[in-house]
Every structure is written in C-alpha cells, then in structure tokens.
Amino acid sequence: MEREWVVEESVAVEAGARTLYAAVADLRRMREWSPEVFATWIRGRKIAPGTKFVGFNRIGWRVWFTTCQVTVAVPGEAFAFRVSAFGAPVALWGYRIEDIADDPSAPRTRLTEYWEDLRRDNRGAAFASLLGKVFTGVPAERRAAVNREGMRATLARIRTAAEKG
C-alpha cells in the first residue's frame, strides 16, 4: 500500500460559516474537538497569521508536544497552521469553510479538515518521522489512517457543538 501524504474529511453542518470559523480558530478549544490534543499554549491573544502556539497531545499513555504557527486566518473561510517538532517540519493542518445553503434563512456549511505530511523531501524528514514513531507510537506510514479517524471524530464534535448553538 502506498503511503498517503494528504488526507481530508468534510462534513455538512447546520450552522453559519462564521460560527464554524470561530470554533476552529479558537485554539484553546482544540482539546474539545481533537481526540489527540489535550491542551494548547498560545503566544499572545490575537489569532492571526504568524501566531505561534504549542499543542500538547496524547495517544494512550504517550504524551508529546509540537510547535505550531498559524499560516492562514480568514474569518468565515479558512484557518491553517504548520506543525514542527524540534525545528523539523511535520505537517500542515487546516480547515476550509464553504457556504452550501440552498435557503438563505437556513445556514448550511461544509467544513473540511485537511492534513498534509511534511516529513518528506527535506533535511529533517527522517528525524521527524523517527520522533513521531517514538513519541506517538504511530509509524509515519500509518499516520494518515490515524489522522483520518481523528478528523472524523473532530468534525463530528464541532458539528454537534455548532448545531446546538
């Protein structure tokens, strides 16, 4: 089986684009959505391109952290960040938000979460892959499958919260 380098999942949500953007761009709430993230530390209060933060993650008994930087922050449209470990590029995570409502009085939005593995074609790729396996217990070749499952859980949690209002 060939390794997957990019994964994306989408869900339709009965909520507006601004509501969904507010959920994904509030990095302190990531622990509510993601099955791996249990805390974030954010440098500063404003979330904008260039904002740096640390994500604290766990799978079972394994705990690790990553350093991240927001790359895209367009309210109601898109949010993304790059992840690195000890200076080595690891991944790009992001969300695209698209209005799909047929009826303007009933908001309906497609929320897409995507991930791109950056542990290839760069100086730190092998090191980052080794760190990933040691700290997470997931070999690089299986990371896409694990992330796909996590994305489905994340999107379901966001949809539930957004639809409750």
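Mentor: Let's start with pockets: on a 1 Å grid over the protein atoms alone, a pocket is an open set of points with protein on both sides within 12 Å along at least five of seven lines, whereas a cavity is a set where a 1.4 Å probe fits but cannot get out; lining residues have an atom within 4 Å of a point. This is a predicted model, where local features need pLDDT of at least 70 and side-chain atom pairs count only at pLDDT 80 or more, while totals for chains, interfaces and linings use all residues. Residues are numbered from 1 along each chain as its sequence is written, and side-chain values use heavy atoms, with hydrogens and water left out.

Trainee: Which residues line the second largest pocket?

Mentor: Rolling a probe the size of a water molecule over the atoms shows where empty space is left. Here the lining consists of Trp41, Arg43, Lys52, Phe53, Val54, Thr67, Cys68, Gln69, Arg82, Val83, Ser84 and Pro89. At least two lining residues come from each of β3, β4 and β5; helices (H or I, at least four residues) and strands (E, at least two) are DSSP runs, numbered from the N terminus. The second largest pocket holds about 200 Å³ of space, where a volume is the space filled by probe spheres set on the points, joined across faces, edges and corners.

Trainee: Let's step back to the whole fold. In what order do the elements run from the N terminus?

Mentor: The order is β-α-α-β-β-β-β-β-β-α-α, which amounts to four helices and seven strands. The radius of gyration is 16 Å, close to the 15 Å from the globule rule for 165 residues, so the protein is as compact as a globular protein of that length. That radius is taken over C-alpha atoms, and the rule is 2.2 Å times the number of residues to the power 0.38. Along its principal axes, the C-alpha trace spans about 50 × 40 × 30 Å.

Trainee: What share of the residues counts as buried?

Mentor: Buried means under 20% relative accessible area, exposed over 50%, and partly exposed in between (1.4 Å probe, protein chains only). In this protein, 45% of the 165 residues are buried.

Trainee: Is arginine 143 buried or exposed, then?

Mentor: Arginine 143 has a relative accessible area of 9%, so it is buried. Its place is in helix α4. Leaving out residues up to four places away in sequence, arginine 143 touches Glu36, Ile59, Trp64, Trp115, Arg119, Thr136 and Val138; a contact means heavy atoms within 4.5 Å.

Trainee: What does isoleucine 97 touch?

Mentor: Beyond residues up to four places away in sequence, the partners of isoleucine 97 include Ala17, Leu20, Tyr21, Val24 and Leu111. Isoleucine 97 sits in strand β6 and is buried at a relative accessible area of 9%. Valine 24 is 73 residues from isoleucine 97 along the chain, with their C-alpha atoms separated by 10 Å. Across the protein, residues 24 or more positions apart make 52% of the contacts with a separation of 6 or more.

Trainee: How should I read a phi value? What is phi of phenylalanine 86 near?

Mentor: Most residues other than glycine have a negative phi. Phenylalanine 86 has a positive one, near 55°. This residue lies in the loop between β5 and β6, and at 57% relative accessibility phenylalanine 86 counts as exposed.

Trainee: Where is tryptophan 61?

Mentor: Tryptophan 61 is in the loop between β3 and β4. At 70% relative accessibility, tryptophan 61 is exposed.
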